[in-house]
Amino acid sequence: MTELSLAYIFHQQQLLVDENFQLPKVEKLASDLSFNTGDQVVARDLQNSEAIPDGLQLVPIRQLLQYWNTQQFEQASRAIQLLEWRRNHKFCSHCGEKTESHPTEFAMICPACHYHQYPRVQPCVITVITRGNDEILLAKNAKNTRNMYGLIAGFVEVGETLEEAVRRETEEEVGLKVKNIQYLASQPWPFPSNLMIAFKAEYADGDLKLQAEEISDAQFFKFDALPEIPFKGSIAHAMIMHVTEGSKVADDTKSWL
Ligand SMILES: [Zn+2]
């Protein structure tokens, strides 16, 4: 009898799970992406022409955060990023030849020029800014249609330190200067391939001046009068709870989920 593997089967940003939000078991295919964790776990894309199997459903991966523990979410996050990377590196970016998968590591190799393409993560800083002992800066993203207030975040640029990225993003998006920047925690975020690096900082100087295309509103809120904030399971939620209620953002057991 063929041994079955647990499968992460994605369609766009959705994952195939059963009615209890658990992964299906499937027969392994040659095209599956395997994890080198020793477990029988594979990842694959659900092709557009394929029907959703009976008893299974496609659920947005963000929603699964509510039902899964950190480890499950991180493995799914890894699966989705590796599939995306493989899909986007079918050809050598150096000479244009068709690439091949490395047999044992996550690398796409060019048979012609031997250029190796590895999966990359995009570092992204996210900052929780406080003023005095009881105020937190929260901002509404201009692209978000909900009335939700989050934190200042943005990609690290080439040649920049993380602290410089925190200062630059804060100044660009809300016109404020910050001080006492301290690292808090990190979270892999597969939309599409980010590593969220969390900092806290204190307001130093300046008046709120919003970057209209990014931020539609930003205010300092009293800790006991917060607006709607990002959902539990996101690092932003944990960071806001950390400064307003003193809860942990993360520790060695990753208890922030
Ligand atoms: Zn090449």
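The buried residues of helix H2 are Phe73, Ala76, Ser77, Arg78, Ala79, Ile80, Gln81 and Trp85. A residue counts as buried if 20 or more other C-beta atoms lie within 10 Å of its own, as exposed if 12 or fewer do, and as partly exposed in between; C-beta atoms are placed from the backbone. The model is predicted: local features need pLDDT of at least 70, side-chain atom pairs count only at pLDDT 80 or more, and totals for chains, interfaces and linings use all residues. Residues are numbered from 1 along each chain as its sequence is written.

H2 covers residues 70-88, 19 residues in total. From first to last C-alpha the helix reaches 27 Å, close to the 27 Å expected at 1.5 Å a residue. The expected span is 1.5 Å times one less than the number of residues. The buried residues of H2 pack against strands S1 (5-11), S2 (14-17), S5 (41-45) and S13 (177-189), and against helix H1 (61-64). Contact here requires C-beta atoms, placed from the backbone, within 7 Å.

The protein chain holds 4 helices and 15 strands. Helices (H or I, at least four residues) and strands (E, at least two) are DSSP runs, numbered from the N terminus. Buried residues make up 29% of the 257 residues. The C-alpha trace spans about 65 × 45 × 35 Å along its principal axes. Of the contacts with a separation of 6 or more, 59% join residues 24 or more positions apart.

The domain assignment gives domain 1 (5-88) and domain 2 (122-245). Such bounds come from an automatic or database assignment. The domain centres, taken over C-alpha atoms, are separated by 30 Å. Domain 1 gives 7 residues to the contact and domain 2 gives 5. On the domain 1 side, the touching residues divide into 2 nonpolar, 3 polar and 2 charged. Nonpolar covers Ala, Val, Leu, Ile, Met, Phe, Trp, Tyr, Cys and Pro; charged covers Asp, Glu, Lys and Arg; the others, Gly among them, are polar.

Strand S10 (residues 122-131) runs parallel to S14 (residues 194-205), joined by 9 bridges. Strands pair if DSSP finds at least two bridges between them. Ile129 stands opposite Ala201 in S14, and its bridge partner in S11 is Leu137. S10 and S11 (residues 135-141) run antiparallel, with 3 bridges. Their hairpin has 3 residues between the strands, and Gly132 takes a positive phi near 65°. S10 also pairs with S12 (residues 152-155) in the antiparallel sense, over 4 bridges. There, Thr127 stands opposite Ile152.

Notes. Two residues are in contact if their C-beta atoms, placed from the backbone, lie within 7 Å.
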